[in-house]
Amino acid sequence: MDWDKLRIFHAVADAGSLTHAGDVLHLSQSAVSRQIRALEESLDTTLFHRHARGLILTEQGELLFDATQAMTKRLDAASARIRDTEEEVFGNLRVTTTIGFGSIWLAPRLPKLYAQYPDLSIDLMLEERVLDLPMREADVAIRMKEPSQADLVRKRLMEIRMQLFASPAYLEDNGVPQSLHDLAAHRLICQNVGATQVSAGATLVRELMTYEVGRTLTVNNYFGVLQSVLSDLGIGVLPDYLSQDFPQLRRVLPTVESNEVPVFLAFPEELRGSKRINAFRDFVVDEVVIYRKSRSASAA
């Protein structure tokens with residue numbers, strides 16, 4: 001199958017228009033149309049439904065687009081590896097992690113990475129959905145469980161636990177609970193147990209809800225829980241890693257916490273030699289070491 005025709009097909013399918021694809025490819029509309037027609041003839045099928053508002057893929061076109069999309073991602077990965085040099089770290093790096101970890105722990109530390117590698121660009125994708133690394137939906141991931149996908153390089157970074165935190169102002173106005181039964185006089189801020197979150201966090205929330213809780217505020221991510229706690233709204237179920245960057249918050253009911261949650265960094269095996277990946281991995285590992293030392297010093 002002619003790769004040049006596939007490249008043009010992919011551009012048309014992505015743009016939904018011969019004209020727009022031609023602009024991207026620097027080809028005339030007629031040239032693009034001829035290539036698509038030739039591809040359809042070689043495959044003996046129709047790839048697009050044509051109508052006044054543009055082009056829509058047929059079922060056969062969808063199958064081919066899935067294939068060209070996978071090929072394009074593989075080529076992007078190869079190009080990124082080729083561009084990496086032994087001395088330089090540059091280019092775009094797509095990093096995915098959860099909203100809470102990315103916004104509370106990772107993002108505040110990125111200035112150090114940029115100071116070391118000013119030509120590196122980070123595309124930070126914060127969402128609870130697990131992106132497909134082998135299919136290159138992202139280059140590297142930090143996940144709250146060990147990745148199950150094959151062909152991934154994985155490194156265990158640290159362990160976290162969900163704990164209870166409140167602001168000094170809230171505790172001054174509402175008192176400090178001495179037992180779980182005292183939650184009846186407080187507002188609990190947490191994720192809904194049905195929301196996407198670490199299973200240990202959901203388990204802790206379920207346990208807390210077996211006690212009489214005065215009021216609740218549910219938020220669909222830990223960053224929202226943190227902002228609510230900082231706004232003196234109640235006692236929040238939050239990951240313990242925030243204590244380093246938000247020392248003003250006070251831990252409530254120190255014996256109450258979730259089971260341990262492992263944190264893994266992972267990336268596709270094919271990117272093992274990428275200078276950008278290695279630079280990011282080393283940066284995160286170094287920051288975890290600093291974080292652990294700080295926690296040990298605080299505990300002492």
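**Helix packing and nonpolar cores**

The crossing of helices H1 and H3 is left-handed. This holds for a predicted model. Two packed helices are described by the angle between their axes and the distance between the axes. For H1 (residues 3-15) and H3 (residues 29-43), the axes come within 9 Å. They cross at roughly 110°. H1 and H3 are therefore roughly perpendicular to each other.

The contact between these helices involves residues from both sides. H1 contributes Lys5, Leu6, Ile8, Phe9 and Val12. H3 contributes Val32, Gln35, Ile36, Ala38 and Leu39. By class, 8 residues of this contact are nonpolar, 1 is polar and 1 is charged.

Nonpolar residues also gather in cores. In soluble globular proteins, nonpolar side chains tend to be buried together. Here, the largest nonpolar core holds 62 residues. Within this core, Ile142 and Phe280 touch the most other members. Helix H10 (residues 275-299) supplies the largest share of the core, with 7 residues. Beyond its neighbours within four places in sequence, Phe280 is in contact with Leu93, Val95, Leu106, Leu113, Val140, Ile142 and Leu265. A second, separate core has 18 residues. Among them are Ala11, Ala21, Leu39 and Leu57.

Helix H5 (residues 99-106) was examined for burial. Of its 8 residues, 7 are buried, so H5 is largely enclosed by the rest of the structure. The buried residues are Gly100, Phe101, Gly102, Ser103, Ile104, Trp105 and Leu106. Leu106 of H5 is also one of the contacts of Phe280.

Definitions and conventions. Residues are numbered from 1 along each chain as its sequence is written. This is a predicted model: local features need pLDDT of at least 70, side-chain atom pairs count only at pLDDT 80 or more; totals for chains, interfaces and linings use all residues. Side-chain values use heavy atoms; hydrogens and water are left out. A nonpolar core is a set of buried Ala, Val, Leu, Ile, Met, Phe, Trp, Tyr and Cys residues joined through side-chain atoms within 4.5 Å. Buried means under 20% relative accessible area, exposed over 50%, partly exposed in between (1.4 Å probe, protein chains only). Helices (H or I, at least four residues) and strands (E, at least two) are DSSP runs, numbered from the N terminus. Contact means heavy atoms within 4.5 Å. Axes are lines fitted to C-alpha atoms, for helices over the stretch in contact, and angles run from 0 to 180 degrees between N-to-C directions. Angles under 35 degrees count as roughly parallel, over 145 as roughly antiparallel, 65 to 115 as roughly perpendicular and the rest as oblique. A crossing is left-handed if the near helix is turned anticlockwise from the far one by less than a right angle, and right-handed if clockwise. Ala, Val, Leu, Ile, Met, Phe, Trp, Tyr, Cys and Pro count as nonpolar, Asp, Glu, Lys and Arg as charged, and the others, Gly among them, as polar.
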